[in-house]
Amino acid sequence: MSEEKTASKAPTKTPVYKKWWFWVIIVVALICISMAGASSNSDNERLSQNEEINYSYEVGTEKRNIEEAGFRRIKENYEDTEIDRVVINDDVGTDNDGDYIVLTYVKWNRQNKEETTKDMLRMYCDDFAASLGNEFSKINEVVMFWDVSYHSDKGTSKCAYERREGGMALSDKAGLIGDK
């Protein structure tokens with residue numbers, strides 16, 4: 001009989017769900033999950049807001065097609081850029097109606113060394129001018145203005161291209177891109 005009393009007085013383990021630290025872990029996990037969900041939702045909202053573009057020209061016009069192609073080229077191909085606007089002007093310096101000058105205003109959002117930034121912007125400019133020039137034969141000039149505000153002394157940079165022999169050739173560069 002003494003053995004039965006000894007056996008019944010043996011300590012029983014408390015279930016894990018009754019321990020205080022178990023509930024602390026659960027609460028912390030729930031907070032982390034809810035914060036991660038809120039963060040991804042705000043990222044998705046920001047992306048969808050940035051993807052909404054207010055085009056300046058009438059649907060179906062050549063200016064609108066050029067503007068859309070410019071926005072699309074930048075958004076799909078150039079990392080760490082933010083498009084301010086694409087402006088299509090009539091090229092009044094030619095005798096042909098329907099010739100255009102494309103002015104593009106872009107912000108560079110990656111902070112790297114000056115030389116790396118210079119190389120990246122020049123590469124993006126060359127590609128942008130070549131792709132628009134190939135797609136639209138009525139574009140005579142393409143100018144890209146870059147806001148590179150973290151290089152405070154270089155602020156705004158530009159590359160200008162003009163049509164030569166069926167393609168686009170660099171005609172001017174300034175700011176960070178124009179150095180050296």
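The model is a predicted one, with local features needing pLDDT of at least 70 and side-chain atom pairs counting only at pLDDT 80 or more, while totals for chains, interfaces and linings use all residues. Residues are numbered from 1 along each chain as its sequence is written, and side-chain values use heavy atoms, leaving out hydrogens and water.

Helices here are DSSP runs of H or I with at least four residues, strands are E runs of at least two, and both are numbered from the N terminus. H3 itself has 16 residues and spans 22 Å from first C-alpha to last, close to the expected 22 Å, the expectation being 1.5 Å times one less than the number of residues.

Now for the helix pair. H3 and H4 (residues 114–135) pack at about 145°, axes 11 Å apart; axes are lines fitted to C-alpha atoms over the stretch in contact, and angles run from 0 to 180 degrees between N-to-C directions. On the H3 side, the contact (heavy atoms within 4.5 Å) involves Ile-66, Ala-69, Gly-70, Arg-72, Arg-73, Ile-74 and Asn-77. H4 brings Tyr-124, Asp-127, Phe-128, Ser-131, Leu-132 and Glu-135.

Arg-72 belongs to H3 (residues 62–77) and touches Asn-77 and Glu-135, setting aside residues up to four places away in sequence. Its relative accessible area is 38%, so Arg-72 counts as partly exposed, between the buried limit and the exposed one of over 50%.

Terms used
Buried means under 20% relative accessible area, exposed over 50%, partly exposed in between (1.4 Å probe, protein chains only).
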